[in-house]
Amino acid sequence: MEQKSFFRLIFLIVTACFIISFTSTNFSHSPSSTTVLLDCTTDSSSSPLCASRNFLFNKKQRPLPKNDPKPKPKNHDHVSDTPNHPLDPLTVVELNKVRSILYSHALFTSRAPHTLNSVVLEEPDKDLVQKWEKGNTLPPRKASVIARVGLDTHVLTVDISSGQVKLEDSPVRVSGYPTMTLEEMNQVTLAPFSNADFNRTIISRGVNLTDVNCFPLSSGWFGKKEENIRVIKSQCYSKQGTVNFYMRPIEGLTILIDLDTKQVIEIVDTGPAIPIPGSTNTDYRFENLATNPDKTRRLNPISLEQPRGPSFVIEDNHLVKWANWEFHLKPDPRAGVVLSRVRVHDPDTRETRDVMYKGFVSELFVPYMDPSDAWYFKTYMDAGEYGFGLQAMPLVPLNDCPRNAVYMDGVFAAADGTPFVRENMVCVFESYAGDIGWRHSESPITGLPIREARPKVTLVVRMAASVGNYDYIIDYEFQTDGLIKAKVGLSGILMVKGTTYQNKNQVKKDKYGNEEDLHGTLLSENVIGVIHDHYVTFYLDLDVDGPDNSFVKVNLKRQETEPGESPRKSYMKTVRNVAKTEKDGQIKLSLYDPSEFHIINSNKTTRVGNPTGYKVVPRATAAALLDHDDPPQKRAAFTNNQIWVTPYNKSEQWAGGLFTYQSRGDDTLAVWSDRDRDIENKDIVVWYTLGFHHVPCQEDFPIMPTVSSSFDLKPTNFFERNPILRASPNFEHDLPICGAESVSA
C-alpha cells in the first residue's frame, strides 16, 4: 500500500476524474429520508474522500503485492449502529438526522456557500455521565457543529431528538478559523493548476504539469497577509520516477491561495536556480526493494498467538474490558482517539475505582527552523488545522498491528454532513515482549530456594495518522499494575529542502571559516533535511478516586548533615508543595531540579494514611527554544511548559484554542492558565507536552526509522500493596507448542 504517499493535508492529486466539481458545499437540495452513508467501494463515486481512498486501495490503480495482508472483513456496516453509552460517538443514523435538521435551518437555506467543518457528539455534562449506569436511559443526544457560512464561522448545538438548533456562538468573533475539511484540502491541491502563471512557472522549470503534485500548507499567522482572509499556501513536487515525491521539491515556489474561494492570490518563486533533486534511491516500497536484497540475515517472523482467544472484550462497540481495566474508547476526527471513564479494579477492596475521566491528544505543534521566505510559515498545528483523526489511515494488519489485534472504525461527517467510515482506524491488542512484571530470586546463602517471576502482558490501544509526509503512531498501553503509558512514535518521510549542494565540501564558508547555515543536514545530492521540532500535548482529566484532586510537586532536595550527626555529609529528602493556583502548576522540567508530580485525592487515604494518587512520570522530552514573542510560539504558547494544571472547564479542551487555524494565540492553554484560578482540592486537568528536537541525519533518508518517546501515569499510594501480587506465572502446559523449521547457519 502506498500509505506513506499522502501529502501534507490530504492525499495526492491523481487523474482528471477526481477533479472536484464544487468549490464549496451548498445545502440547497431537499434532504432524502433514507439513510445516507458515503460508499467508496464503487468506482463511480466522485467524492474527494473516495478519490483519495480509491487511489490507495483500488486494485485497478496498482495491484497489491501478493504478500500484502488483507484486512479482516468488516464486522458490520455501521448503518445499524445505535448508541449504548452517553459518550458513544454519533452514529450513521444520527449524523444523517443532524444533516437533515440543518438542511431546514434558516442559516443553511440561503444561497451562501457553507461547509460543516466539524460534526461531533456534544458530550453530556460530566456529572450526568458519572452517574449514568448501563441500563439507564441515555442523556439527550446532541451534536456539536462548527460550520462556515459565507465568510463567517458559527457554533451550533443540534438536539437530535427534538430537532432544535441552538446557535452557541454565531458568528464567532475570536481570531482563528475551524479545522479544514478534507474536501477543502483536496480542492486546494488542484487550485494552482487553474492559474496560467503557475503553469508557466512549472514549465519554465522543465517539469511536465502531469508530473507535479502540489499540496496545501497551513499558513500560520504573521500579520497583514493573514488578516481578515482565510488563506493557505501550496508547494509542489515532481513525482517523475518515484512515488516518494517529497524528496523532489520544486524549491522556492510558494502559492498563496484564498481558502474560501480557492483562487490564487500570489505566486512567489525564489528558487529557479535550485535543481530538483533526482529520484534515485528514493523508493521505499517492499516490492521494489526486495529485488535487490543485501546480505543481511533475514529475521524469522514472530507472532503472538492466543489459542484461547483474547483476554479482552469490547462491549457495545466502545467499552473495553481487560484484566483489571475498563474504559470507553472512541475515534475522534480532531483528537484521533479519546479514552474516557478509565477505571481500574482494586484486588484488595474489590472496588472498581476512577483513574481518569478523559484523555486524548489535544494538539501537535511542528515548527520548522528555517526563516527563509519559502519556509518561515511552516509551523503546523496538526490537530487544530488538519484534524489528527481525519488524517488517520487504515492500519496495516500484521505490520501496524499484530495478528491478534481487533480493529475499530471511525465514523465521521464529510463537509456536507454525509457520514463516511474510516476503516481499521484503531487497533486493540494484547502485547507480550518478554518483559517481566515482577521477580525475585534468593541468594543461596539464605538457604531459601526461591525463584519467583511473573510475565508482563499489556493491552495496547493504537492509531496512526499520516499528516502528509509525517506519520505519527499513538499508543496507550495499560499494565496490570495500574500504570498507563502514553507513547508517541514518529516515522514517515522528512520535509526536505532543495539545494545546489551535492556534497558538504561545496558548502560556502565566510572569512572566519564558518559554514553557511543550511538550517539542516545534507542528506543526499541536492537534498537538505530541515531541522524541526514536534510537540504533542495531551489533555489528561485525571479523577483519582473522584473528581476533587490536588496537584503536588514533590521536590527532591539535598540535605546536609549536621557536624557529628553521621559519617554521611549529605542525603536526599523530599519536600512536598501542594499547588494552590494555576501558576503553581506551571512546570518546566529540569534535571537539576528533580521532582515528582503527583495528583492526589486528599479526601481518601490508604490504610496507613497516605492520600491516594497517581503521578506523571516524564521520559525523554524536549523544550521549546523559540522566542516567546515569535508569532508561531505565541500561537503555541502551550509548549512553554511541559506540565500545566487547570481547573476543569468543559470549553477548555484544545490547547491551541477551539479555532486554531490562523489564530493569534489569544485563546490557548497559556491564556487560560494565566487567570491563576484555584486548583487545590478541585476537579483539575493535567496537560503534558511530549517534545522532540529533530536534527535530520542520513539514516532518515528516504524514509525514517520510527523514533519514540513516552510518559507514564503511575499509581502512587493508590493501592494498599502490589496490585499484581496474585498474578499467575506462565506454565508450559498453558502455552501453545509451535514447531519451527530447521535453521541453517
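Where does D382 lie? D382 lies in helix 7, residues 382-386. Helices here are DSSP runs of H or I with at least four residues, strands are E runs with at least two, and both are numbered from the N terminus.

Hi everyone, a quick word on the ground rules. This is a predicted model, where local features need pLDDT of at least 70 and side-chain atom pairs count only at pLDDT 80 or more, while totals for chains, interfaces and linings use all residues. Residues are numbered from 1 along each chain as its sequence is written, and side-chain values use heavy atoms, with hydrogens and water left out.

Back to D382, then. The UniProt annotation "active site", from an unreviewed entry, covers D382 and Y470. They span 89 residues in sequence, yet no two of their C-alpha atoms are more than 10.4 Å apart, so they gather at one spot. UniProt positions are given in the numbering used here, feature names are shortened, and annotations may be inferred rather than shown by experiment.

D382 counts as buried because its relative accessibility is 0%; Y470, at 2%, counts as buried too. Buried means under 20% relative accessible area, exposed means over 50%, and partly exposed is in between, with a 1.4 Å probe and protein chains only. Y470 is in strand 20, and its side chain makes a polar contact of 2.7 Å with that of H532. A polar contact is a pair of N or O atoms within 3.5 Å; within protein, one must be able to donate a hydrogen and the other to accept it, and residues adjacent in sequence count only if both atoms are side-chain atoms. Leaving out residues up to four places away in sequence, Y470 touches several others, among them Y368, H534, H694 and M704. Contact means heavy atoms within 4.5 Å.

Let's stay in strand 20, residues 470-479, which also holds E477. E477 is buried yet has no salt bridge, and the nearest side chain of opposite charge, K485, is 5.9 Å away. For charges, Lys and Arg count as positive and Asp and Glu as negative; His and the chain ends are not counted. What E477 does have is a polar contact of 2.6 Å between its side chain and that of T458.

R353 and D545 form another, at 2.6 Å between the closest N and O atoms. Here R353 in strand 13 reaches D545 in the loop between strand 25 and strand 26, 192 residues apart. R353 and D545 are also buried.

Last stop, strand 6. Eight of the eight residues of strand 6, residues 231-238, are buried, so it is largely enclosed by the rest of the structure. In a regular strand the side chains alternate between the two faces of the sheet. Both faces of strand 6 are covered, with V231, K233, Q235 and Y237 on one side and I232, S234, C236 and S238 on the other. Strand 6 pairs antiparallel with strand 5 over seven bridges, and four bridges join strand 6 to strand 7, again antiparallel. Two strands pair if DSSP finds at least two bridges between them. Thanks, everyone!

Notes
Salt bridge = Lys/Arg side-chain N within 4 Å of Asp/Glu carboxyl O.
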